[in-house]
Amino acid sequence: MDISSWDGTISLAEFHVAARALVEKWKRVSSASPPWSWVSCPKQPWVASHEVEGYLSLENIILVSIKEEHDELLSFPQKEETSCSDKEESIDIATLVQSQSDRDEICYYDLHIVYSASYRVPVLYFRVYYSDGEPLEFEDIKKHLPAHSAKTLLDSKWTFITQEEHPYLKRPWYKLHPCGTGEWMKLLFQGDVSLARNGAAIEVYLISWLSFVGQVVGLRIPYEMLNQL
Amino acid sequence: MMEAQKYVWEGAIPLQIHLHESEVTTLPPPLPALILAPRIGYLPLLIPHIKPHFNSTLPPGVDTVWFEYKGLPLKWYIPTGVLFDLLCVEPERPWNLTVHFRGYPGNILIPCEGEDSVKWSFINSLKEASYIINGNCKNVMNMSQPDQVELWHSVFNGNLEAYLKVSSKLKLGTAGHEYSANLNSGSFVSRQSTGDTDATGQVKTGRVPVRLYVWGVSEDFDDLEDAPQIDSWDKISYINRPVEIHGEEGKCFTLLDAVKSLLPEHFQYKSLTNEESSKEEGEDEQKVPSEEGGENLSEDVESCYPSDNAEVKLVRIQGIEPKLEIPFSWVVHNLMNPEHFLHICVCLKVSQVKIPSDG
């Protein structure tokens, strides 16, 4: 891939390659944490089926709430009766929690990575809910987001995180706006000459993207994920 | 040239809006409200006109307004004209809708906080269109505040002149736009494009913002009024994918080409002449309804042989069924919505309709 003339976007086929790479590496590096999985989408018979369509999913996770002054990473023993209890047995960076909400309860995140044909980049969709499945009000979600996200939300209420229809599930989900993604992916990769050289840019595209975008919701990527292949 | 765009902007759907019976607290129940809804507008924008009509009869509480057609909650971010074209295959005039002021179905519909929600949904779509056309959203993001206000007001008020003035600053000309000038005077027959018709010498390639709404029927119908009613959003495939135009010398990229590119599965293209294709497969598969003197699509689909399991019954844009051989760029330039998306409703007849089991 010619990094210099690349605009930071990827094709659908490249997204699939990158998705596979993310799933595999995540499994290898942090086998204790919940895995990303690929969800294929059943389609109506009249939609083109020669193209594989689907999205990446990481569900039922608890995210650390990072304070700007200091990091407080507490382990929180899980005593939930729900099925996710198996996943939270061991402590992992992605699942440490700091309880902050008024309801003083743990809240769970579902994260989906969906390819956008319009922007030609991945897009993060997410939802947040309490252990009984009840979705959080947007005001409460804001309290859970890292401080810098909450501030950005204040400044750009309608253009940073919005509620939109999930392209496959057809239900309201929160979505992170993909407008700037191409640009900063290009910047990210341009800064890394070794990537351009060994041609493995696509394999790490999603991982790099996630390390950036994940910060909005407080998802932390294990450092090993970011090591070169 | 302005004619078609003017008609689109002036197009409106007469609505007869009934308050849901569960929210009627007075006797006699209020009469339905009658209102003309602009095609290019959105239902929530009508609420200030509708609410006064039902104010005195509403139960106490906070308003969370939503509309419904035959039990189907209407997605407020889809332009009114598109909703009508999609859900009312046989146009119903006036279109009878039900309004609710309580009990918003938040599990199905995105919340709507009135005009602001609609405005930002519009602007975000415009950004997306801009990204598709230009590869970035800069022109929209850098709009001055007064321009942004002016743009939204022009859409809100259906003022095409004001809209064109502001939107021209955005430089959102689409690929193949050059065709529109050539076709101003001529008829819409497929024409050969020659390299030198284009003054700027550009290659006519690019991406065009399109939103496709596809639904299938398993049983054939000759009359539109026999078409089955869409009673669930699961029956519609929403394809939000740009059409890619690769300018080929000597070829005009038609509306059919565009639809084919988004639904390639069902268009095995064979270079058959009209006579050959109809002889080989029999006349029946090629028949399409044309009883009302509407557009005759049969000659269009014959040159592109549909695969065994699908047949195009209907392609509707802004309430009309354009001939499929019309150059796509003309369709886009004249029939697109103000956010620069072309919304196309397509009905396919398929041999088997499968509805996904979960909602």
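Accessible areas come from the Shrake-Rupley method with a 1.4 Å probe; for residues, only the protein chains shown count as cover. By that method, chain B exposes about 16500 Å². Carbon and sulfur atoms supply 50% of this area.

This is a predicted model: local features need pLDDT of at least 70, side-chain atom pairs count only at pLDDT 80 or more, and totals for chains, interfaces and linings use all residues. Residues are numbered from 1 along each chain as its sequence is written, chains are lettered from A and ligands numbered from 1 in the order in which they are written, and side-chain values use heavy atoms, with hydrogens and water left out.

**Chain B**

Chain B has 12 helices and 11 strands (DSSP runs numbered from the N terminus: helices are H or I, at least four residues; strands are E, at least two). Of its 359 residues, 52% count as buried (under 20% relative accessible area, 1.4 Å probe, protein chains only). Take the contacts in chain B (heavy atoms within 4.5 Å) between residues at least 6 apart in sequence: 76% join residues at least 24 apart.

**Strand β6 of chain A**

Strand β6(A) covers residues 172–176. Five of its five residues are buried, so the strand is largely enclosed by the rest of the structure. Pro172(A), Tyr174(A) and Leu176(A) point one way; Trp173(A) and Lys175(A) point the other way.

Two strands pair if DSSP finds at least two bridges between them.

| Partner strand | Bridges to β6(A) | Direction |
|---|---|---|
| β4(A), residues 121–130 | Two bridges | Antiparallel |
| β5(A), residues 161–165 | Five bridges | Antiparallel |

Phe126(A) stands opposite Tyr174(A). Glu165(A) stands opposite Pro172(A). The hairpin of β5(A) and β6(A) has six residues between the strands. There, Lys170(A) takes a positive phi near 60 degrees.

Terms used:
Buried < 20%, exposed > 50% of the residue type's maximum accessible area, 1.4 Å probe, protein only.
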